[in-house]
Amino acid sequence: FNVRVGTYYLSRLLKRFDGDVRFAIAAYQAGPGTASKWKKAGKGLPKSSQAYVDKVLAAKRRFDGR
């Protein structure tokens, strides 16, 4: 159940952030409202969220076999 709900939520975030994977993952962690503010400000992600996004993408690469 958790995997299904988590993937559904991530798919919604990807749509909300126009396919921007980094902001969608950051929104998964920090909340979509917060990530929207970061994106609107055009300053990128804070270090803590960037570190989280990097960890998630590194795990994805391991599972993809790259």
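These legends describe close-up views of a predicted model. Local features need pLDDT of at least 70 and side-chain atom pairs count only at pLDDT 80 or more, while totals for chains, interfaces and linings use all residues. Residues are numbered from 1 along each chain as its sequence is written, and side-chain values use heavy atoms, with hydrogens and water left out.

**View 1. Lining of the largest pocket.** The space in this pocket is about 290 Å³. A pocket is an open set of points on a 1 Å grid over the protein atoms alone where a 1.4 Å probe fits, with protein on both sides within 12 Å along at least five of seven lines; lining residues have an atom within 4 Å of a point. The lining consists of G6, T7, L10, L14, V21, I25, Y28, Y52, V56, L57 and K60. At least two lining residues come from each of α1 (2–16), α2 (21–30) and α4 (47–64); helices are DSSP runs of H or I, at least four residues. By type, 8 of the lining residues are nonpolar, 2 polar and 1 charged.

**View 2. The largest nonpolar core.** Its 12 residues are L13, F17, F23, A24, I25, A26, A27, A35, W38, L45, V53 and L57. Such a core joins buried (under 20% relative accessible area, 1.4 Å probe, protein chains only) Ala, Val, Leu, Ile, Met, Phe, Trp, Tyr and Cys residues through side-chain atoms within 4.5 Å. Helices α2, α3 (32–41) and α4 each supply at least two residues of this core, and α2 gives the most, with 5.

**View 3. Surroundings of L45.** Not counting residues up to four places away in sequence, L45 touches (heavy atoms within 4.5 Å) R22, F23, A26, W38, Q50 and V53.

**View 4. S49 in helix α4.** S49 counts as buried because its relative accessibility is 3%. Beyond four places away in sequence, S49 touches Q29, A30 and W38.

Conventions
Points joined across faces, edges and corners; volume = space filled by probe spheres on them. Nonpolar A, V, L, I, M, F, W, Y, C, P; charged D, E, K, R; others polar. Buried < 20%, exposed > 50% of the residue type's maximum accessible area, 1.4 Å probe, protein only.
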